Amino acid sequence: VQLQASGGGLVQAGGYLRLSCAASGRTFRSYAMGWFRQAPGKEREFLAAISWSSGSTYYADSVKGRFTISRDNAKNTVILQMNSLKPEDTAVYYCAASRLSTDASQRYDYWGQGTLVTVSS
């Protein structure tokens, strides 16, 4: 599975962005998908995960209620809708694929290249 994240950019605090992750490979629909981010000088942080069937989603407390993960298996795409953005959301955002729907980054087998999100105050 190859992943390519897009949709990052510069936005003011309180604004929104929609990140997309395009996947190649016929096995995409068998993978759970997750979004992570990494800010300068910080460790990679789990944000959200979605099961292969979209039957379950899971969010980090830091983004719960503001971010929404969804997927379209017919289009091999995963979306992270980010609302009410804060300056502390500034980071490089990554999508990843795993056999398990989990917040553990070491369980993810495939990673996208990352897309930069900058939130100005």
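Tutor: In this predicted model, strand β3 and strand β8 (residues 77–82) pair in the antiparallel sense over six bridges. Within that pairing, Ser-20 has Ile-79 as its bridge partner in β8. Strand β1 (residues 2–6) is also joined to β3, by five bridges, and these two strands run antiparallel. Here Gln-4 has Ala-22 of β3 as its bridge partner, and Leu-3 stands opposite Ala-23 in β3.

These pairings belong to an open sheet of four strands in the order β1-β3-β8-β7, with antiparallel pairing. Its edge strands are β1 and β7, each of which pairs on one side only. On average, neighbouring strands of this sheet are turned by 15° against each other, direction ignored.

Strand β3 itself spans residues 17–24 and has two faces. Leu-17, Leu-19, Cys-21 and Ala-23 make up the covered face, while Arg-18, Ser-20, Ala-22 and Ser-24 make up the uncovered one.

Next, the core. The largest nonpolar core has 35 residues, and Trp-35, Leu-80, Met-82 and Tyr-93 touch the most other members. The elements giving two or more residues to this core are β1, β3, β4, β5 (45–50), β7 (67–72), β8, β9 and β11 (115–120). For Met-82, leaving aside residues up to four places away in sequence, the contacts are Gly-15, Tyr-16, Leu-17, Leu-19, Arg-66, Phe-67, Tyr-93 and Val-117.

Asn-76 has a positive phi of about 50° although it is not a glycine. Its place is in the loop between β7 and β8, and at 18% relative accessibility Asn-76 counts as buried, because the limit for that class is under 20%. Ser-84 likewise has a positive phi of about 50° without being a glycine. Ser-84 sits in the loop between β8 and β9 and is partly exposed, with a relative accessible area of 41%.

The structure holds four salt bridges. In one of them, the side chains of Asp-89 and Arg-37 meet at 2.8 Å, N to O. Asp-89 lies in the loop between β8 and β9 (91–98) and Arg-37 in strand β4 (residues 32–38), so this pair ties together parts that are 52 residues apart in sequence. Both Asp-89 and Arg-37 are buried. The side chain of Arg-37 also meets that of Glu-45 in a salt bridge, again with 2.8 Å from N to O. Salt bridges that share partners join Arg-37, Glu-45, Arg-66 and Asp-89 into one network. Arg-66 is also one of the residues that Met-82 touches. Elsewhere, the side chains of Asp-61 and Lys-64 form a salt bridge at 3.2 Å, N to O, and Asp-61 is exposed, with a relative accessible area of 66%.

The structure holds seven aromatic pairs. Phe-36 and Tyr-108 form one that is edge-to-face, with 5.0 Å centre to centre and 80° between the planes. This pair links distant parts of the chain, since Phe-36 is in strand β4 and Tyr-108 in strand β10 (residues 108–111), 72 residues apart. Phe-36 and Tyr-108 are both buried. Tyr-108 also pairs with Trp-111: the ring centres are 6.0 Å apart and the planes are at 55°, so the pair is tilted. The relative accessible area of Tyr-108 is 5%, which is buried, while Trp-111 counts as partly exposed at 28%. Phe-36, Phe-46, Tyr-58, Tyr-94, Tyr-108 and Trp-111 form one aromatic cluster.

Notes
Residues are numbered from 1 along each chain as its sequence is written. This is a predicted model: local features need pLDDT of at least 70, side-chain atom pairs count only at pLDDT 80 or more; totals for chains, interfaces and linings use all residues. Side-chain values use heavy atoms; hydrogens and water are left out. Buried means under 20% relative accessible area, exposed over 50%, partly exposed in between (1.4 Å probe, protein chains only). Two strands pair if DSSP finds at least two bridges between them. A nonpolar core is a set of buried Ala, Val, Leu, Ile, Met, Phe, Trp, Tyr and Cys residues joined through side-chain atoms within 4.5 Å. Contact means heavy atoms within 4.5 Å. Axes are lines fitted to C-alpha atoms, for helices over the stretch in contact, and angles run from 0 to 180 degrees between N-to-C directions. Rings of Phe, Tyr and Trp (its six-membered ring) pair if their centres lie within 6.5 Å; planes under 30 degrees apart count as stacked, over 60 as edge-to-face and the rest as tilted.
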